[in-house]
Amino acid sequence: MDNLIAKFESLGLVPAKAKEAAGNKKLAPTLDSIIDATGKTDFDKSTGMLLYMLATTVSKDKTPHAEYIAKAISTGRITLTEQLSAATKFCARSDPTTDEKAFDDACGVGIVVSEQEIADNVRSVIESTKDTLLKERYRGQGKVLGMVKKVPDLRWADSGKVKSAFDAQILALLGPKDERDDPAAAKKAAAAAKKAAADATAKPNTSAAKEAPKPKKWEPASLEGMFAEGDISRLHKAGENPQIRPEIMEEHLRATKGEVITRFPPEPNGFLHIGHAKAINVNFGYARAHGGTCNLRYDDTNPEAEEQEYVDSILETVRWLGFEPDKILYSSDYFQQLYELAVKMIEKGLGYICHCTQEEMKKNRGGEERGPRVACEHRDRPVAESLAEFQKMKEGRYAPHKATLRMKIDLENGNPQMWDPIAYRVLFSTHHRTGDEWCIYPTYDFAHCLCDSIENITHSLCTTEFILSRESYYWLCDAVEVYKPVQWEYGRLSVTNTILSKRKLLKLREKGFIMSLDDPRLYSLPALRRRGVPPQAINAFVRELGVTTSKSTIDVVRLENHIRDCLNEIAPRVMAILNPVKVVLENLPEAHFEEIELPFKPRDSSFGTHKVPFTRVLYIDASDFREVDSADYYRLAPNKTVGLQGIAHPIMCTEVRKNADGSIAELVCRYLNEDKQSKPKTFIQWIADCPRAGSPVRLDEVRIFDPLFKHADPCDESVVPGGYLSDVNTDSLKVANGAIAETGFWEVIKRYAATAAGKEELGKHNLESIRVQFMRIGYFTLDKDSELSVSDIEGDNISNAKIVMNRIVTLKEDSKKEA
């Protein structure tokens with residue numbers, strides 16, 4: 001092994017990387033033979049890296065003529081990663097030794113793109129997109145870089161030099177990044193603007209200051225930008241994936257006309273979660289970015305776990321996120337075709353019926369210790385016998401686990417996925433679509449790649465836990481001689497402070513820790529929707545992270561920041577009070593009534609205004625009053641003044657009246673409208689008691705949600721030794737009864753119901769699109785437990801409504817959250 005390590009170090013690999021490569025049973029012999037093919041023992045760094053890259057991309061029977069490519073690298077004919085990619089594609093379909101000129105032409109051998117040519121082409125693209133770049137700034141550069149990479153004259157340019165030229169010209173156009181490109185800096189600028197405005201109002205006689213800049217609007221990353229950089233930007237074009245026979249590709253191209261076709265293939269056995277949001281954006285987004293189509297295909301091959309509720313929810317969720325499937329399909333659509341392909345596999349001697357128990361299969365595969373593998377005693381049974389046994393399985397003559405169809409692949413392969421995986425098993429369960437027509441069902445390993453093939457999928461995009469399945473995916477397509485898509489894996493997405501396992505969620509419900517599987521404290525997509533999270537915020541979160549092969553667990557704070565920034569843009573502001581205290585303005589007449597016009601969003605006239613009543617009796621929140629004043633307290637206290645939001649004059653508390661139990665019955669205050677008063681140090685919320693104007697709007701429940709778990713990873717036993725159930729935050733839901741809102745809230749509901757889209761959603765009882773900011777409290781939406789009809793809204797029948805509110809997110813990030 002020491003010799004191999006030294007040999008690999010000659011490529012420029014650092015010792016640790018060379019040792020890792022030498023210990024890789026699959027990579028080491030490939031890399032060794034590639035180095036030997038060059039006839040050299042010393043390499044410059046760029047040549048060594050290309051040889052290493054070749055070794056990591058070739059595989060048995062997939063990349064013929066790898067040694068020829070290695071020699072082309074070592075002699076300087078292949079110098080770029082783009083040329084290496086073209087070389088492997090050429091060799092997959094042609095023999096380079098019979099036509100070296102065709103190889104050179106296909107790989108750009110001898111073509112040199114000068115730095116001036118690179119700069120000119122980059123400049124041309126940037127000029128054509130200048131207006132968009134000036135508007136979107138650095139958020140739009142990913143899309144433009146993708147356009148640069150598609151310029152034909154730059155196909156054989158050094159990608160590093162292209163990126164350098166692009167970065168330099170972007171910097172010259174936009175200048176260095178500033179607060180417009182940095183959400184955190186934008187928030188600081190907004191705070192500075194607010195402070196400057198307050199100072200200017202408080203000190204009108206000071207010299208005029210410069211107008212404070214407006215805070216930058218939330219502009220999420222583009223969908224196209226997800227695919228402009230990284231490995232996913234270099235995936236094959238439709239038609240470039242090699243097939244076992246050329247006529248298979250010819251038939252595929254006749255059917256697809258060279259278009260990109262992807263699919264999103266969820267199992268209908270549960271609600272989609274935050275990780276699926278990335279999968280949806282990747283699959284639908286990649287197709288959209290390349291002018292193609294994406295199918296929604298339900299992987300419904302396990303009737304024991306599937307329910308129509310989940311089928312309906314998945315489609316609704318995909319549409320909620322803003323995507324529309326080109327076709328809605330099911331693996332069960334192909335049960336007959338899959339059965340026929342299974343028969344073909346057996347007839348070719350590549351499948352057999354096995355009667356081993358699960359324990360016996362595991363032992364034959366080497367057991368827990370991964371020891372020597374042993375062929376099943378049924379592996380070499382005659383084809384006719386396996387066909388007869390498969391027919392018995394189909395006829396229901398075997399009980400579950402008594403017979404399975406297994407693929408006969410390669411027990412000596414280093415990949416466990418190649419150790420004769422199960423293709424069909426017996427299940428006596430009623431299928432949600434096919435009923436009791438079938439009692440044998442294909443496994444994921446058998447059905448997935450063949451369904452992709454039947455649908456002519458060009459890019460089978462999945463998460464990295466399926467990376468080992470790629471080899472068996474290709475084997476099976478070739479074994480039954482059907483079109484073979486390309487599988488490409490990306491890292492899955494998880495967030496902290498939650499769990500996604502359906503089994504564990506059911507246990508939480510059973511123990512009474514959550515209300516339902518769409519409880520707003522969870523991170524399934526229906527739960528996030530119910531909480532009121534806007535779909536565009538979820539998409540922005542996913543797109544900002546990009547597409548890499550790294551599995552990532554992201555701090556949930558990043559998602560919450562996107563939610564908060566999105567809601568800041570779209571949510572109207574209204575006053576609400578969770579714990580009302582009655583206030584009587586003693587110097588106003590009993591019948592006093594004014595209408596006060598308030599903006600739905602200060603400094604943004606596009607939201608419009610609304611009117612609220614101002615009367616002798618009103619309510620403030622209990623948190624805005626103290627019986628004992630202090631120097632650092634600026635809200636209401638006995639003999640102290642405070643401002644009311646939107647009201648010209650402050651009030652002063654003159655008396656505190658109490659109930660028999662000592663609680664506050666009401667506050668007597670004076671409205672200081674007689675003499676000129678200095679500006680109050682703070683303003684508080686208030687809501688008039690004016691039934692004839694519909695004020696206040698009674699809120700039956702206001703649900704304040706906090707994180708369900710105390711730690712970032714509730715399943716980490718080193719941090720939570722008692723298990724995830726012991727980590728539940730039992731105070732994660734607080735309910736305020738008796739809360740009230742100003743009439744502007746009812747106006748928001750009426751405006752929503754007056755739109756065609758709003759009326760349609762209300763008719764379906766989808767209420768979560770009615771989102772508001774309760775000032776100083778948080779962002780809220782209506783929960784589905786509310787009772788609210790279009791007729792009651794249109795008829796102003798507030799008393800008929802039951803209003804239940806969910807807090808979506810706080811106004812500011814909670815600094816005390818568990819990291």
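Helices (H or I, at least four residues) and strands (E, at least two) are DSSP runs numbered from the N terminus, and I use that naming all through these entries.

**Ground rules.** I am looking at a predicted model, so local features need pLDDT of at least 70 and side-chain atom pairs count only at pLDDT 80 or more, while totals for chains, interfaces and linings use all residues. Residue numbers start from 1 along each chain as its sequence is written, and side-chain values use heavy atoms, with hydrogens and water left out.

**Overview.** I got 27 helices and 29 strands for the protein chain. Its C-alpha trace spans about 100 × 75 × 50 Å along the principal axes. Of the 819 residues, 49% count as buried; buried means under 20% relative accessible area, exposed over 50%, partly exposed in between (1.4 Å probe, protein chains only). I also checked contacts (heavy atoms within 4.5 Å): among those between residues at least 6 apart in sequence, 71% join residues at least 24 apart.

I traced an open sheet of 6 strands, ordered β12-β27-β28-β29-β24-β25, with mixed pairing. β12 (573–574) and β25 (733–736) are the edges, each with a single partner strand, so one side of each has no neighbour in the sheet. For pairing, DSSP has to find at least two bridges between two strands. β24 (residues 701–705) pairs with β25 in the antiparallel sense over 4 bridges, and there I704 stands opposite K734. Helix α24 (residues 556–570) lies across β12, β27 (771–774), β28 (778–782) and β29 (804–809), and runs at about 120° to β29. That angle is taken between N-to-C directions on a 0 to 180 degrees scale, with axes fitted to C-alpha atoms, for helices over the stretch in contact.

Next I followed the open sheet of 4 strands, β4-β5-β6-β7, with antiparallel pairing. β4 (351–354) and β7 (440–442) are its edge strands, each pairing on one side only. Neighbouring strands here are turned by 20° against each other on average, direction ignored. β4 and β5 share 4 bridges, and Y352 stands opposite R406.

R406 lies in β5 (residues 404–407). Still, the backbone oxygen of D420 lies 2.9 Å from a polar atom of the R406 side chain.

**Helix α20.** I counted 8 of the 11 residues of α20 (residues 469–479) as buried, so this helix is largely enclosed by the rest of the structure. Among them are Y473, Y474, W475 and L476. The buried residues pack against α16 (335–347), β5, α19 (444–454), β8 (459–463) and β9 (486–490). After α20 comes E481, with a positive phi near 60°.

**Strand β1.** I261 and R263 point one way from β1 (residues 261–264), T262 and F264 the other way, and all are buried. β1 runs parallel to β2 (residues 293–298), joined by 4 bridges; T262 has C294 as its bridge partner.

**A loop residue.** Last, I looked up I111, in the loop between α7 (100–107) and α8 (115–128). I111 is partly exposed, at 42% relative accessible area. I111 and K149 are 38 residues apart along the chain, with their C-alpha atoms separated by 17 Å.

Key
A polar contact is a pair of N or O atoms within 3.5 Å; within protein, one must be able to donate a hydrogen and the other to accept it, and residues adjacent in sequence count only if both atoms are side-chain atoms.
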